[in-house]
Amino acid sequence: MPDFERAVKVAVVGYPNVGKSSLVNRLTGSREAIVHERPGITRDRKELECEWNGRTFTLIDTGGVDFADEDPLSGSIRDQARAGLADADVAVLVVDARAGARPGEHEIADLLRRARKPVLVAANKCDTVADIPLAAEFHALGLGEPVAVSAAQGLGTGDLLDRLVALLPAVSERPPRAQDTVRLAVIGRPNVGKSSLVNRFVGEQRVIVADEAGTTRDAIDLPLLVDGRSLVIVDTAGMRRQSKVSESVEYYTTLRSQRAAERADVAMVVCDAGDGVTAQDLRVADLAMHSGCATLVVLNKWDAQAPTLDLEYERARVAEKLRQRPRVLTASATTGRNVARLLTEAITLGDRRAGRIPTPELNRFLGETVQTRQPPAKQGHRLKLIYMAQIGTSPPRFAIQVNSRTRVTRDYAYFLENQMRERYALDGVPLIIDFVERGSRTEGTRARGSRRPAPVLQAAPRDDEADR
């Protein structure tokens with residue numbers, strides 16, 4: 001299980017709104033952690049890889065810890081921070097140098113001492129040289145000499161990393177990531193049970209679950225091993241219609257969910273079985289298709305809705321509305337029903353998305369398809385399908401050599417696509433078919449290996465009909 005060799009981990013903890021996520025972004029050289037002036041934005045723990053002086057380790061960004069806050073959600077955030085600390089080898093306590101030491105930080109320092117792990121104190125928001133003396137106040141926490149840093153300006157971050165690397169335990173080099181790892185993005189509307197399903201997948205309370213919509217803010221990557229196969233599950237924030245996104249935090253969380261779909265091999269679109277497959281669920285699935293990933297639709301909370309929902313109607317509606325014709329499966333995060341089956345199906349879809357079909361087999365398919373339904377003819381001249389080959393994977397891309405692209409009708413192109421899905425079990429997998437006139441260079445060859453969204457079909461059936 002090479003993907004899950006234990007990495008050296010560093011937990012970044014602290015009081016709310018002291019700049020933990022900003023510091024994590026600065027140290028990792030990324031913008032993965034959500035940053036906002038409002039406290040309490042980070043909730044689940046998010047792991048990001050960091051490298052310094054040849055040492056690679058994982059930073060665990062955690063939510064703000066406030067022991068005085070009695071809100072149940074704050075309690076869940078504290079539990080996630082404790083779990084991150086328990087999983088880490090070293091801890092970094094981030095404090096706000098300008099605000100000074102607060103009573104709650106002494107409680108956090110006591111928690112860190114009990115953890116019996118090396119601790120560094122990072123006095124953040126020392127944005128100028130004149131602010132550096134402010135860090136001295138945090139000697140009172142009893143965790144050693146504080147390091148004055150500025151997440152905003154980068155001041156002192158090199159010194160912090162030097163001291164951090166010196167505390168890391170020596171470990172053997174991690175082997176490279178397995179090439180057949182499948183990235184599974186769990187996406188959908190808010191409050192349909194995505195996080196509950198993810199927790200059921202990994203077998204622990206890894207992400208926070210609450211009744212209120214919008215609990216998940218970040219896209220959280222979780223490695224998993226399923227029947228010997230490496231899987232990375234990405235829990236994402238709920239996606240609403242853009243017209244209903246009214247605040248900047250939700251805008252950025254939605255944007256991260258979309259990017260998670262773009263980086264994924266498979267998207268699991270989770271729906272609430274009580275609502276059926278809604279128009280927004282279809283929009284989310286369409287987004288996944290245009291991102292180039294395979295798609296699976298899951299009706300969650302099936303334990304409560306099985307007697308009232310017409311499953312065959314929902315499947316027929318999805319097949320009619322979505323070009324990829326993804327499978328519609330039922331599951332229950334509460335009871336665990338069909339959960340293992342979802343992961344098996346996701347791995348199968350990922351393999352089919354990355355798979356290749358031999359050229360002789362494709363040309364047999366082409367000949368049989370032409371026998372089933374003759375290509376269209378225009379002005380007495382019939383379209384001829386001469387040769388077919390696969391020119392790309394992830395998603396699969398095919399080129400069909402024809403005698404004239406102008407004779408290809410959209411209806412016949414869709415017929416070919418649907419025949420391919422039926423023959424090679426490609427329901428839910430995006431297909432790109434280029435119709436290439438004999439003697440011309442295939443556009444698909446230039447696009448081979450591209451992760452950018454591409455049209456599902458390439459054809460020029462009529463002057464007044466755009467290419468798909």
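Colleague: Which strands does α1 lie across, and at what angle does α1 run to β3?

Modeller: In this predicted model, α1 lies across β1, β2, β3, β4 and β5 and runs at about 160 degrees to β3. Contact means heavy atoms within 4.5 Å. Axes are lines fitted to C-alpha atoms, for helices over the stretch in contact, with angles from 0 to 180 degrees between N-to-C directions. Angles under 35 degrees count as roughly parallel, over 145 as roughly antiparallel, 65 to 115 as roughly perpendicular and the rest as oblique.

Colleague: Why is helix α1 called largely enclosed?

Modeller: Buried means under 20% relative accessible area, exposed over 50%, partly exposed in between, with a 1.4 Å probe and protein chains only. In α1 (residues 20–28), 7 of the 9 residues are buried, so the helix is largely enclosed by the rest of the structure. The buried residues are K20, S21, L23, V24, N25, L27 and T28. Their cover includes β1 (9–14), β2 (46–52), β3 (55–61), β4 (90–96), β5 (119–124) and α4 (157–167). Just after α1, G29 has a positive phi of about 65 degrees. Over the protein chain, buried residues make up 53% of the 468.

Colleague: What strand order does the open sheet of 6 strands have?

Modeller: The order is β2-β3-β1-β4-β5-β6, with mixed pairing. β2 and β6 (147–148) are at the edges because each has a single partner strand, so one side of each has no neighbour in the sheet.

Colleague: How do you know that β1 and β4 pair?

Modeller: Two strands pair if DSSP finds at least two bridges between them. β1 and β4 have 5 bridges, in the parallel sense, so they meet that cut-off. G14 stands opposite V94 in β4.

Colleague: In which sense do β15 and β16 run, and how many bridges join them?

Modeller: β15 and β16 (residues 397–402) run antiparallel and are joined by 6 bridges. The bridge partner of L385 in β16 is V402. Strand β15 (residues 385–392) is mostly covered, with 6 of its 8 residues buried.

Colleague: What is found in the hairpin of β15 and β16?

Modeller: There are 4 residues between the strands, and S394 takes a positive phi near 55 degrees. The peptide bond from S394 to P395 is cis, with omega near 0 degrees. P395 is in the loop between β15 and β16.

Colleague: Why is α5 called roughly perpendicular to α10?

Modeller: The axes of α5 (residues 194–202) and α10 (residues 339–354) come within 10 Å and cross at roughly 85 degrees. That angle makes α5 roughly perpendicular to α10. L197, R200 and F201 in α5 meet V339, L342 and L343 in α10. By class, this contact has 5 nonpolar, no polar and 1 charged residues; Ala, Val, Leu, Ile, Met, Phe, Trp, Tyr, Cys and Pro count as nonpolar, Asp, Glu, Lys and Arg as charged, and the others, Gly among them, as polar.

Colleague: Why is K301 counted as partly exposed?

Modeller: K301 has 30% relative accessibility, so K301 counts as partly exposed. K301 lies in the loop between β11 (294–300) and α8 (302–305) and has a positive phi of about 65 degrees although it is not a glycine.

Colleague: What is the relative accessible area of R325, and where does R325 lie?

Modeller: The value is 35%, so R325 is also partly exposed. R325 lies in the loop between α9 (311–321) and β12 (328–330). Phi of R325 is near 50 degrees, again positive in a residue other than glycine.

Colleague: In which helix is E107 found, and how far is E107 from V65 in space?

Modeller: E107 is in α3 (residues 103–115) and is partly exposed at 41% relative accessible area. E107 and V65 are 42 residues apart in sequence and 9.6 Å apart in space, C-alpha to C-alpha.

Colleague: What do these values rest on?

Modeller: Local features need pLDDT of at least 70 and side-chain atom pairs count only at pLDDT 80 or more, while totals for chains, interfaces and linings use all residues. Residues are numbered from 1 along each chain as its sequence is written, and side-chain values use heavy atoms, leaving out hydrogens and water.

Conventions. Helices (H or I, at least four residues) and strands (E, at least two) are DSSP runs, numbered from the N terminus.
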